[in-house]
Amino acid sequence: MKDLKEELSPFLFGKTVDNIGFINRTTDVELLWLNMRSGINTILMSPRRWGKSSLVKHIAHLKRNDKNIRFCFLDMFSVRDEAGFYEALSKSLLVSTSSKWEDWVKNAKTFFKRAIPKLSMGIDPAHDFSISFEWEEVEKHKDEILNMPERIAQKQKIQLIVCIDEFQNIHNFNDAENFEKLLRSYWQHHKHVSYCLYGSKRTLMADIFNKKNRAFYRFGDIIQLEKIDTNHWVPFIVEQFKKTGKKITPALAKDIVILMKNHSYYVQQLSHYVWAYTTKEAHDYIIEKALVRMLQVNQAFYQYEVENLSNTQVNLIKAIVDGVEQFTAMKTLQEYHIGTPRNVTKNIKTLEKHDFVEKIDKKVILLDPAFELWFKRFYMGKRW
Ligand SMILES: Nc1ncnc2c1ncn2[C@@H]1O[C@H](COP(=O)(O)OP(=O)(O)OP(=O)(O)O)[C@@H](O)[C@H]1O
Ligand SMILES: [Mg+2]
């Protein structure tokens, strides 16, 4: 029997990359790090899976030995309401101030004077630790929890960097706008804390930070992440192959990047499949095979997305994929069955809201390059 190969894929997707495999973003790192250490709050924006979470984790990794700085990570992915937010914030603050769980208990006693939390720990506290409050208690002492980052930072003489991922989830809370006002009223006075807020739902994030009537309007600097340039991707891919005893030419590596339109997640995913199908040296037919495989893997997700669209929205996507620019021209309306000009405008807005498309200089483009290829090939039956 042939032995199973043991080498590991040098490409990573679906997880944040903070150290090995993190490429470039030197300008973003500089800008964000300047804000963080200077106490300037930052909102990070980009379409899905371009690398917001990885960028923040990468900076925390670079600064892991800086005694004057501490990072506190809070992921609001599963935070459903205000009570959950206080618990998640308190837990992240405790965990970030010490790596020893014995200290969490000790610190909880010193940090919380009025809103007393209940701590519970499993056999392995590092992975099984939770914190809860009686809501009546929290309601009376919200200020204590919301001011805790600043109190900890002052006490420990550090700059505390509170990084909140999936921040747009705040939008699902009851009375969200009042809660935003409350947060801002406390956080804007914090001098030793920098807040870095980011999330995967771009339109919701933009609503929170760009609308004049919202509490977080002008809360901080806004950094719009760009895509990673081909000049950085190509040598990275070539090197990752080389390190694992395989070979890919810069020209083929560039094909991968161009097919995936420099989209961080998909460049890594397609590179992974090309690498996996390559025994010694990559060829163009391997890229084709890897691409089909990758689209098949993502197919269920794409199908689900399409099932949730109306017929006119699907037809509009067909027109976008075909490179149509004048959607409201009579010929286009008839050829693609996309309704009236009003329908078109409304549908573009809806597709934008759901992160399907983006308008750049009046041109509408699809945000997901792999979905675009899948749609073209498997939905419209065309070649790419
Ligand atoms: N600087 C980078 N270098 C190499 N690969 C990267 C980089 N940034 C991101 N990636 C790749 O892109 C994937 C998505 O990154 P990440 O989860 O950080 O994006 P995100 O913008 O936070 O996504 P979401 O919008 O879904 O929250 C990672 O799993 C990794 O494969
Ligand atoms: Mg993210």
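**Exercises: a helix, a sheet and a ligand shell**

**Exercise 1.** Which residues of H3 are buried?

Buried here means that 20 or more other C-beta atoms, placed from the backbone, lie within 10 Å of the residue's own. In H3, that gives you Glu82, Phe85, Tyr86, Glu87, Leu89, Ser90, Lys91, Ser92, Leu93, Leu94 and Ser96. Keep in mind that this is a predicted model: local features need pLDDT of at least 70, side-chain atom pairs count only at pLDDT 80 or more, and totals for chains, interfaces and linings use all residues. Residues are numbered from 1 along each chain as its sequence is written, with chains lettered from A and ligands numbered from 1 in the order in which they are written.

**Exercise 2.** Work out what helix H3 should span.

Helices are DSSP runs of H or I with at least four residues, and strands are E runs of at least two, numbered from the N terminus. The expected span is 1.5 Å times one less than the number of residues.

**Exercise 3.** In what order do the five strands of the open sheet run?

Strands pair if DSSP finds at least two bridges between them. The order is E2-E5-E6-E1-E7, with parallel pairing. E2 (69-75) and E7 (221-224) are the edges, each pairing on one side only. Now zoom in: four bridges join E1 (42-45) to E7, and Thr42 stands opposite Asp221.

**Exercise 4.** Which residues come nearest to ligand 1?

Count a residue as near if its C-beta atom, placed from the backbone, lies within 6 Å. Of the 23 residues around ligand 1, the nearest are Gly51, Ser53, Ser54, Ser200 and Ser264. Helices H2 (52-62) and H12 (264-277) are the elements giving two or more residues to this shell.

Methods:
Buried ≥ 20, exposed ≤ 12 C-beta atoms within 10 Å, placed from the backbone.
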